[in-house]
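Subject: Structure for your files

Hello,

Please find the structure below, with the sequence alongside. My notes come after it.

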Amino acid sequence: MGRATEILRARFADCFLDAHEQHGDETVVLRPAGIAAVAAFLRSDAELLFNVLMDVTAVDYPGRTPRFEVVYHFYSLPRRARLRIKLPVPEDQPEVDSLTPLWKSANWYEREVWDMFGIRFRGHPNLKRILMYEAFEGHPLRKDYPIKKRQPLIGPMN
Amino acid sequence: MADDMKQDPEVERRDNPAAAAAEDDDDARRMVINIGPSHPAMHGIIRIVTELEGETVRKAEIEIGYLHRAFEKSAEHVGWNGVMPYTDRLNYVSPLINNFGYCMAVEKLMGIRPPERAEYIRTIMAELSRVGDHLTCVGASAMELNAFTAFLYFMAARELIYELVEDVTGARITIAYGRVGGVRSDLPEGFIPKALGFFKTIRKNIAEVHGLLTRNRIFYDRMRDTGVIHAADALDYGIMGPFLRGTGVAHDLRKAEPYHMYSRVEFVVPTGTRGDNYDRYLVRMEEMEQSLRICEQCFKQMAPGTHQADIPPEYLDANQMVDAAKHARTECLIDREARLSPNMEGQEHRHKRQVIADDKTAAMPSLGKTYSNIESLMNHFMLVMNCHGIRPPAGEAYAAVEGANGELGFYAVSDGTGYPHRVRVHPPCFPIVASLEQVLVGGMVADIIATFGSVNMIGGELDR
Amino acid sequence: MGLKRIVTRVFGDDSFVTTKLDAAIGWSRKYSLFMYPFVTACCGMEYMSVSSSHYDLDRFGAAFPRFSPRQADVLIVVGTISHKIAPVLSRVYEQMTEPKWVIAFGVCTCTGGFYDNYATVQGIDTLIPVDIYIPGCPPRPETVIQGIMMLQDKIQKQRQEY
């Protein structure tokens, strides 16, 4: 078991759900409520030193409850270590805390997750669409959005 | 009631004419200028809404997404192998690196290790791509600063890179050359001497541009101390690659987490000190030289003479093979390949063998084998038939390579079927463009062009 | 002027040539194509190759890009057009003055190519009229040059408005 998993399991036992190390990628599954505290800890802890939030994305698992999974990839530049944190997010209340106050990189990534999956980030300063246009309805990377459903601004449907 | 009236701005203005006049003055001084989405001095489509005070940028708002082509959605609707051509078009300036990054993610999922020769070829091709990318980036941004000659020199050099890439892959830009477990084809005959010859010309062109730009007063003044970002800010934004190295952080995935054959070659990671446009220009110029060095070392280290896959096959004429099969002498046929007409693939020269791991779950059998024995034919069917194909076991993996702009990561989730459940790209220039909202502020309007050039924004990977 | 010199050399000083006005205007128009490159994506790399020294578009009088649609004759749409950029493209087209021509550069602009999904326009001819389609993903520079020569043919043969 990786060092980060051990520490998180001991320190954040109340929101720790699961951990695995498939293909060598250290992965921790947490309850969504804990993410802001965990991220602040990861960033400031002198041993872990995860100073870069590399990526924020989500995965849609239709038929599974909770339906969505928000996936964070952290990177520690001094230790050259990676950590993936996953948060199961229910379909009826797709909302997690924003990490924008901690990392500037979270700003655009979270906007993209909102645009593509419709997951809201609590406390985000400017949560609006980033890749699609405002007139676009729905969230295209959800599995139930048909790949060819076009919503043109001008011109015919196809 | 009185409180409500106080909050009404119109009422407030009436009550306090001095403040209203100051506000009007402020509004008049500030001007909103819209740059883009289709602007002459910007390669790529992006919209920057700037708020100016005189010529100084006070606020910049960036709008992206004009080249959103649904890569991630498309990837869920084609097989694992079918994603390959889509990855070409992510960063179309260095497509080979994208190919190999995606392959590495799938290989990680399936637990495949490519053969050593394939790893060498990947290293060489990735570095060629990186040179091409930096040539385009520096050339185009120099052109936007009116140094058109530098652009022409670099385009001439890039044409040589394209010729080498075409010799190996058959296409200039969109190559679909990576395969899960290896690469599509071996290096052709005479590739190494040709490449070494071209490297001389490329180095000459780079030296020429050094002479034209590096100590050029106009170029220096426009690049030095413009578009400054500090290391702490860059890491806060998640920026990697030349943009981070320009600030003095010597981080390069090729050194930090060596993949391919980077642990066996020597190279230097150039860094800057000030994190401005000029440092980034110098870092890119030096990285090209280092990439050429890596290629040359790989040429030396690769097993000499052999231009075929690890085990050359035994050939048998097709008619003899039919005879043997008719007489049920099939046991000798399994290792043999039919000698095919060179025109089989629609080209005059013999098709090059793929260099790929010996793994039936991912690697396509060679053409000769497919035509000679039933096992390979069935294997081929299983890999190309609809709803079959490569099937990584259910799970997830993240693999990252050093793209030309920084860390290019692929996060692949498999549910065990022939289609990816999710392929997520971590695009290297996304955080850089995000940081522009901070970097541009405080600079002049003219600096936007220089800074934007050094960002090397690639629409394909930014908007996917 | 080149034509006058040739005519005087062949037929003598006091000679003249008759031609149709349409043909003369077409001849002059086809060798002074001012392009507006609407570059969005991958094909832009090949556009760079074509327009720089190696393939040298200047030979066809079509090298000089005008970055204002008001000064351009040919709108060359290079790369995938998404629904988000589509209104911009049609606006740029409307800003161009007559006579104007449009080249669809690359298969994405011709038909949408292999991007058949919610984000992309399936061929720019659903938005604006197109004169020449250059297929390829991206087209090789030779294909582009052929396309431009075909446009020149078309300009020469068409009925000229003046």
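The model is predicted, so to speak of a local feature pLDDT must be at least 70 and side-chain atom pairs count only at pLDDT 80 or more, while totals for chains, interfaces and linings use all residues. Residues are numbered from 1 along each chain as its sequence is written, chains are lettered from A and ligands numbered from 1 in the order in which they are written, and side-chain values use heavy atoms, with hydrogens and water left out.

Chain B

Chain B contains 20 helices and eleven strands; these are DSSP runs numbered from the N terminus, H or I of at least four residues for helices and E of at least two for strands. It has 464 residues, and 59% of them count as buried, meaning under 20% relative accessible area with a 1.4 Å probe and protein chains only (over 50% is exposed, in between is partly exposed). The accessible surface of chain B is about 18,300 Å², with 54% belonging to carbon and sulfur atoms; areas come from the Shrake-Rupley method with a 1.4 Å probe, and for residues only the protein chains shown count as cover. Of the contacts in chain B with a separation of 6 or more, 69% are between residues 24 or more positions apart, a contact being heavy atoms within 4.5 Å.

Chain C

Chain C has six helices and four strands, in the order α-α-β-α-β-α-β-α-β-α along the sequence. Its C-alpha trace spans about 65 × 35 × 25 Å along the principal axes. Of its 162 residues, 51% count as buried. Chain C exposes about 7,600 Å², and carbon and sulfur atoms supply 56% of that.

Helix α3 (residues 43–51) of chain C is mostly covered, with eight of its nine residues buried. The buried residues run through C:C43, C:G44, C:M45, C:E46, C:Y47, C:M48, C:S49 and C:V50. The cover includes α7 (116–144) and α8 (148–169) of chain B, as well as β1 (35–39), β2 (74–78), β3 (101–105) and α6 (141–157) of chain C.

A helix pair in chain B

Helices α14 (residues 277–301) and α19 (residues 445–455) of chain B pack at about 30 degrees, with their axes 10 Å apart. Axes are lines fitted to C-alpha atoms, for helices over the stretch in contact, and angles run from 0 to 180 degrees between N-to-C directions. The two helices α14(B) and α19(B) are therefore roughly parallel (angles under 35 degrees; over 145 is roughly antiparallel, 65 to 115 roughly perpendicular and the rest oblique). On the α14(B) side, B:N277, B:R280 and B:R284 meet B:A450, B:T451, B:S454 and B:V455 of α19(B).

Two buried residues

A:Y75 sits in strand β4 (residues 68–76) of chain A and is buried, at 0% relative accessible area. Beyond four places in sequence, its contacts include A:F50, A:R80 and, from chain B, B:M240, B:H251 and B:L253. The C-alpha atoms of A:Y75 and A:L53, 22 residues apart along the chain, are 6.3 Å from each other.

B:D252 is in the loop between α12 (242–245) and α13 (253–256) of chain B. At 2% relative accessibility, B:D252 is buried. Leaving out residues up to four places away in sequence, B:D252 touches B:R245, B:F267, B:V269 and B:E402.

Regards
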